Amino acid sequence: FLPQQSGLGEQSIGTEVNNSISEFVTNQVSRLASQIRDDVDFNVNYQSYETTINTADPTSLVKRNELQVELTKRFLNDRLIVDVGGNFDFGGSGGETSQTSSGIAGDFAVEYKITPDGRVSGKVFSESNYDVIDERNKTKNGVALQYTREFDTLKELFKDPEKQKKRDRKKQKDQDELNIEALPAERK
């Protein structure tokens, strides 16, 4: 059940086991905290990094502990979603002093579902992630416009969803009429 290696340096088995156990515990805490209100989600995640970038250089060992906290609130019948959160670094060591993460409320995302079914949505975001190679946080900011469509087969992807809804309604109506016609025959 351990995650695959990323290919960057070596991660100790103890660190991987610690991350797996902490992921389970923080998922349970997040799930319980999110049950308090239906329109609010609370997420907590703990990660420990212990990576050797260059195995020939013993000073290339990088150790970091990161606690991520995120709060998500939904408004307007779940059409507006606001995420705020951040990262807290503690107990890090390495060749250089660990960089401080974004802190609470450093990361955010605001998403609005433009269409009532949520198929078209827009998003504005700012997020920071630790880069183990540069040994610092990098921030990404952006604006996104997203179109989402669910399908089970490739053929279904290219069908017009409105035509499919009309066909489904007609089939249901025909089935209902058959069921009504069948009722008197069954009673005889």
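Biologist: Which residue forms a salt bridge with arginine 74, with the closest N and O atoms 3.4 Å apart?

Modeller: Aspartate 78. Keep in mind that this is a predicted model. A salt bridge is read from the gap between a side-chain nitrogen of Lys or Arg and a carboxyl oxygen of Asp or Glu, with a cut-off of 4 Å. At 3.4 Å, the pair of aspartate 78 and arginine 74 counts because of that cut-off.

Biologist: Is arginine 74 buried or exposed?

Modeller: Compare the relative accessible area with the cut-offs: buried is under 20%, exposed is over 50%, and partly exposed lies in between. Arginine 74 has 15%, so it is buried. Its partners fall in the middle class. Aspartate 41 is at 25% and therefore partly exposed. Aspartate 78, at 37%, is partly exposed too.

Biologist: How many salt bridges does the structure hold?

Modeller: Five. One of them joins lysine 73 to aspartate 39, with the closest N and O atoms 2.3 Å apart. This pair also links distant parts of the chain. Lysine 73 is in strand β3, while aspartate 39 is in the loop between α1 (13–34) and β2 (40–52), and 34 residues separate them. Lysine 73 has a relative accessible area of 22%, so it counts as partly exposed.

Biologist: Next, threonine 72. Where is its place, and which side chain does it join in a polar contact of 2.6 Å?

Modeller: Threonine 72 lies in strand β3 (residues 61–75). Its side chain meets that of aspartate 83 at 2.6 Å. Threonine 72 is then in contact with Asp39, Val40, Asp41, Ile81, Val82 and Asp83. Its relative accessibility is 8%, so threonine 72 is buried.

Biologist: Which residues form a nonpolar patch on the surface?

Modeller: Leu71, Val84, Phe108, Val110, Val124 and Val143. Together they have about 480 Å² of accessible area. Take one member, phenylalanine 108, in strand β5. Its relative accessible area is 36%, so phenylalanine 108 is partly exposed.

Biologist: Now the whole chain. What does its secondary structure come to?

Modeller: Three helices and seven strands. Along the sequence the pattern is β-α-β-β-β-β-β-β-α-α. Of the 188 residues, 23% count as buried. The chain exposes about 13500 Å², and carbon and sulfur atoms supply 55% of that. For contact range, take pairs at least 6 apart in sequence: 42% of those contacts join residues at least 24 apart.

Biologist: Where is confidence lowest, and where is it highest?

Modeller: Start with the average. The chain has a mean pLDDT of 75, and 69% of its residues reach 70 or more. By element, confidence is lowest in strand β1 (residues 10–11), at a mean of 50, and highest in strand β5 (residues 107–113), at 94. pLDDT stays under 50 over residues 1–10, where the model has 19 contacts beyond four places in sequence. It also stays under 50 over residues 94–105, which have 34 such contacts in the model.

Note on methods. Residues numbered from 1 in each chain as written. Predicted model: local features only at pLDDT ≥ 70, side-chain atom pairs only at ≥ 80, totals over all residues. Heavy atoms only, no water. Helix = DSSP H or I, 4+ residues; strand = E, 2+ residues; numbered from the N terminus. Buried < 20%, exposed > 50% of the residue type's maximum accessible area, 1.4 Å probe, protein only. Polar contact = N/O pair within 3.5 Å; in protein donor to acceptor, adjacent residues only side chain to side chain. Contact = heavy atoms within 4.5 Å. pLDDT = per-residue confidence, 0-100. Areas by Shrake-Rupley, 256 points an atom, 1.4 Å probe, with all protein chains shown as cover. Patch = residues over 30% accessible without salt bridge, like charges linked within 9 Å, V, L, I, M, F, W, Y side chains within 5 Å.
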